[in-house]
Amino acid sequence: MYLSTQQSRRLAELCAVMASDATKVQLLQSLAQPLAQFMQADHLVSRQWDAGQKKYAICASYNVKPSRIRAYEEHFQFCDPITPRLRLLRQPARVSDVCSVQELEQSEFYNDHLRQDGIHWGVNVYAYQGDVCLGDLVIYRARGREDFSRQDMACLNIIAPVFTAALSRLEAVHAAQPRWMGHNEAELRRLLMGRCQLSPRETDVVVHCLHGFSDKEIANLLQIGFTTVRYHLGHAFEKLGVQGRTKLARQIGQLLSQA
C-alpha cells in the first residue's frame with residue numbers, strides 16, 4: 001500500500017482525533033468530516049446499537065440531512081438488507097462484498113432511502129468489544145463514483161483497530177462516570193423514549209442537556225441547528241411537564257427514583 005505525504009499526514013491526524021480527550025459523541029462528530037474526506041466519500045454516519053431496543057441510533061454524521069437521519073432511525077433500518085450481513089464480518093467490508101448491485105437496487109432500502117441522496121457505494125467499519133458492538137462507521141459514495149478500492153480498504157484496516165480502541169477506552173470512562181439515581185445512560189434513554197414518549201432526537205437533546213451542555217454545544221455535537229435544538233427541547237419540556245433545565249433535571253430524578 002502506498003500513501004502520499006498528504007494522505008499519511010491525514011491518517012496521522014485521524015489517529016490523533018481518536019486518541020483525543022473527548023466524549024464519545026464529541027469524538028464521533030469530530031471524526032466524521034475528516035474521515036469522509038480522507039476516504040474521498042460523499043456521506044458518513046456513525047451509529048450506536050441499542051441491544052435492549054434492538055435498533056440503531058445515529059450519533060454523528062457528515063453531509064446527511066436530518067430528515068434522512070430521522071427516516072433511517074424510525075423506519076429504514078428495519079428494512080435494511082445490508083447491515084446484518086456486514087455486521088457478521090466484524091471487519092471493514094464493502095456493501096458490494098455482501099450484496100449485488102442488482103439485489104440492492106431492487107430493495108426498498110435503496111429506492112426509498114439511499115437513492116434519495118444519490119448514495120450508491122458503501123463501506124462499514126465496526127468496533128466490537130467481545131460480543132458487544134460499541135459503534136460503527138458507515139461511509140458512502142454517490143452514484144457515478146467508483147466503489148471503494150483495495151487501497152481504501154487497506155486504509156480502513158489500519159483505522160479500524162484504532163477506532164475500536166478509542167470507543168473501548170471511552171466506554172470504560174463512561175462506565176466510571178456518575179449514574180443518574182443509580183441508573184446508567186442506556187436506562188435513562190429507555191425511560192425517556194418509553195414512559196416519557198420522547199422521540200430519539202428529543203432524547204439526545206435532553207441527555208446532552210443533563211450532561212450540562214449549552215444549546216449551542218448540543219447543536220454542534222448533534223450537527224443540527226440551534227433553533228432545532230430549542231424546538232426539540234421545547235417539545236421535551238412539554239411532554240415532561242416542566243419549564244427550564246433545573247426543573248427538567250429534578251423531574252428526571254423523580255421519574256428515575258420511581259423506575
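**Entry 1. Arg189**

I looked up Arg189 and found it in contact with Thr203, Asp204 and Val207, leaving aside its neighbours within four places in sequence; contact means heavy atoms within 4.5 Å. The model is a predicted one, in which local features need pLDDT of at least 70, side-chain atom pairs count only at pLDDT 80 or more, and totals for chains, interfaces and linings use all residues. Residues are numbered from 1 along each chain as its sequence is written, and side-chain values use heavy atoms, with hydrogens and water left out.

Arg189 sits in helix H9, residues 185-193. Helices (H or I, at least four residues) and strands (E, at least two) are DSSP runs, numbered from the N terminus. I noted a relative accessibility of 18% for Arg189, so this residue counts as buried. Buried means under 20% relative accessible area, exposed over 50%, and partly exposed in between (1.4 Å probe, protein chains only).

**Entry 2. Nonpolar cores**

I took a nonpolar core as a set of buried Ala, Val, Leu, Ile, Met, Phe, Trp, Tyr and Cys residues joined through side-chain atoms within 4.5 Å. The largest one has 35 residues, and Leu35, Ile139 and Phe163 are those with the most contacts inside it. At least two residues of this core come from each of H1 (5-18), H2 (24-38), E2 (55-62), E4 (119-129), E5 (132-142) and H8 (150-175). H8 supplies the largest share, nine residues.

Which residues is Ile139 in contact with, leaving aside its neighbours within four places in sequence? I listed Leu35, Met39, Ala41, His43, Leu44, Trp121, Gly122, Val123, Phe148 and Leu156. In soluble globular proteins, nonpolar side chains tend to be buried together.

**Entry 3. Cavities**

I searched for cavities on a 1 Å grid over the protein atoms alone: a cavity is a set of points where a 1.4 Å probe fits but cannot get out, and lining residues have an atom within 4 Å of a point. Grid points are joined across faces, edges and corners, and a volume is the space filled by probe spheres set on the points. The structure holds two cavities of 30 Å³ or more.

The largest cavity has a volume of about 220 Å³. Of its 21 lining residues, Val45, Tyr72, His113, Leu114 and Tyr140 are the closest to its centre. Strand E1 (43-50), helix H3 (66-74), E4 and E5 are the elements that give two or more residues to this lining. I sorted the lining of the largest cavity into 12 nonpolar, five polar and four charged residues. For this sorting, Ala, Val, Leu, Ile, Met, Phe, Trp, Tyr, Cys and Pro count as nonpolar, Asp, Glu, Lys and Arg as charged, and the others, Gly among them, as polar.

The second largest cavity has a volume of about 50 Å³. Its lining consists of Val95, Ser96, Cys99, Val101, Leu104, His120, Trp121 and Gly122. Helices H5 (95-98) and H6 (101-105) and strand E4 each give two or more residues to this lining, with E4 giving the most, three residues. This lining divides into five nonpolar, three polar and no charged residues.

Cys99, one of the residues lining the second largest cavity, is in the loop between H5 and H6. Cys99 has a relative accessible area of 5% and is therefore buried. I found it touching Arg85 and Leu104, not counting residues up to four places away in sequence. The C-alpha atoms of Cys99 and Arg85 are separated by 8.5 Å, with the two residues 14 apart along the chain.

Ile82 lies in the loop between H3 and helix H4 (83-89). Ile82 is buried, at a relative accessible area of 5%. Not counting residues up to four places away in sequence, Ile82 touches Val95, Val98, Leu104 and Phe109.

Ser107 is in the loop between H6 and helix H7 (108-112), and is buried at 13% relative accessible area. Its side chain reaches the backbone oxygen of Leu104 at 2.6 Å.

**Entry 4. Positive phi**

Most residues other than glycine have a negative phi. I noted Gln40, not a glycine, with a positive phi of about 55°, in the loop between H2 and E1. Asn63, also not a glycine, has a positive phi of about 60° and lies in the loop between E2 and H3. Is Asn63 buried or partly exposed? At 46% relative accessibility, Asn63 counts as partly exposed.

Technical notes. On a 1 Å grid over the protein atoms alone, a cavity is a set of points where a 1.4 Å probe fits but cannot get out, and a pocket is an open set with protein on both sides within 12 Å along at least five of seven lines; lining residues have an atom within 4 Å of a point. A polar contact is a pair of N or O atoms within 3.5 Å; within protein, one must be able to donate a hydrogen and the other to accept it, and residues adjacent in sequence count only if both atoms are side-chain atoms.
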